[in-house]
Amino acid sequence: MSKLYIKANDLEELDSVKIFDERGKEVYYTKDDFIATGHRIKIFLAETISERAYVQEKYDRLGDTRFEFASKDKFGTVARDPMSRAARYIVDYDEAWEIVGDPFIWKYTVYRGALRIIDVKSEPYLIPGQALNLTPTHILTFDSESDVLIGLTFVLAIYALNKYRY
């Protein structure tokens with residue numbers, strides 16, 4: 001089981017944030033790519049310029065918006081379900097992922113069938129080795145080490161979908 005931490009205040013103000021592990025060590029950082037068409041968040045390995053993954057805004061022929069999320073050889077898209085009045089999402093990924101909970105308030109779980117893949121919550125938390133004050137923090141818990149990077153991109157795609165109100 002792995003955990004990642006993102007300071008909520010930093011994420012709400014910018015798409016460029018640092019992402020920490022449970023020991024408080026920076027493992028990834030993100031940069032907003034202003035040159036890209038639409039919103040694009042690049043995810044880099046900490047202390048390098050090695051891009052590991054990305055989240056990219058895309059449009060289909062009907063003008064509907066979705067966000068593409070990708071890391072290494074894994075790739076998918078997520079969009080709002082236009083037929084639903086509730087906040088439901090259509091996930092196009094090679095594994096059937098389903099969101100249960102409320103992504104607007106960062107309190108949801110992602111399932112693959114009956115298996116829990118990712119738990120996402122937001123709460124006041126002191127990231128070890130970071131700021132001395134208790135700040136709102138987004139906490140991502142992954143049940144499998146292999147799902148960490150693609151899961152992070154997926155969570156950031158859901159965040160972007162909600163932030164830009166699509």
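1. Is helix α2 largely enclosed by the rest of the structure or exposed? It is largely enclosed, because 15 of its 16 residues are buried. Buried means under 20% relative accessible area, exposed means over 50%, and partly exposed lies in between (1.4 Å probe, protein chains only).

2. A word on the basis of this note. This is a predicted model: local features need pLDDT of at least 70, side-chain atom pairs count only at pLDDT 80 or more, and totals for chains, interfaces and linings use all residues. Residues are numbered from 1 along each chain as its sequence is written, and side-chain values use heavy atoms, with hydrogens and water left out.

3. Overall layout. The chain has two helices and twelve strands. Both kinds of element are DSSP runs numbered from the N terminus: helices are H or I with at least four residues, strands are E with at least two. Along the sequence the pattern reads β-α-β-β-β-β-β-β-β-β-β-β-β-α. The chain has 166 residues, and 46% of them count as buried. Take the contacts (heavy atoms within 4.5 Å) between residues at least 6 apart in sequence: 39% of these join residues at least 24 apart.

4. The core. In soluble globular proteins, nonpolar side chains tend to be buried together. Here the largest nonpolar core has 38 residues. Such a core is a set of buried Ala, Val, Leu, Ile, Met, Phe, Trp, Tyr and Cys residues joined through side-chain atoms within 4.5 Å. The residues with the most contacts inside this one are L4, I19, F67, V78, L140, L152 and F154. Helix α2 (residues 148–163) gives the largest share of this core, with twelve residues.

5. Helix α2 itself. The helix has 16 residues and reaches 22 Å from its first C-alpha to its last. That is close to the 22 Å expected at 1.5 Å a residue. The expected span is 1.5 Å times one less than the number of residues.

6. Leaving out residues up to four places away in sequence, V78 touches R66, F67, F69, Y89, I90, V91, F154, A157, I158 and L161.

7. Y89 deserves a look next. Y89 lies in strand β8 (residues 89–93). Y89 counts as buried because its relative accessibility is 14%. Its side chain makes polar contacts with the side chains of R80, at 3.3 Å, and N162, at 2.8 Å. A polar contact is a pair of N or O atoms within 3.5 Å; within protein, one must be able to donate a hydrogen and the other to accept it, and residues adjacent in sequence count only if both atoms are side-chain atoms. Beyond four places in sequence, the residues that Y89 touches include V78, I99, P103, F104, I158 and L161. Y89 and L161 are 72 residues apart along the chain, yet their C-alpha atoms are separated by 9.8 Å.

8. Which side chain of opposite charge is nearest to E68? It is K58, 4.1 Å away. E68 is buried yet has no salt bridge. A salt bridge is a side-chain nitrogen of Lys or Arg within 4 Å of a carboxyl oxygen of Asp or Glu. For charge, Lys and Arg count as positive and Asp and Glu as negative; His and the chain ends are not counted. E68 sits in strand β6 (residues 65–71). Its side chain does make a polar contact with the side chain of Y54, at 2.7 Å. Other contacts of E68 beyond four places in sequence include V55, Q56, F75, G76 and T77.

9. Salt bridges elsewhere. The structure holds seven. One of them joins E51 to R40, with the closest N and O atoms 3.5 Å apart. This pair links distant parts of the chain: E51 is in strand β5 (residues 51–59) and R40 in strand β4 (residues 40–45), eleven residues apart. E51 counts as partly exposed, at 35% relative accessibility. R40 counts as buried, at 17%.

10. A network. E95, R112 and D147 are linked by salt bridges. Between D147 and R112, the closest N and O atoms are 3.6 Å apart. D147 is in the loop between β12 (135–142) and α2, and R112 is in strand β10 (residues 107–112), 35 residues apart. D147 is buried, at 4% relative accessibility, whereas R112 is partly exposed, at 25%.

11. One further bridge. R116 and D119 meet through their side chains at 3.3 Å, N to O. R116 is partly exposed, at 36% relative accessibility. D119 is partly exposed too, at 22%.
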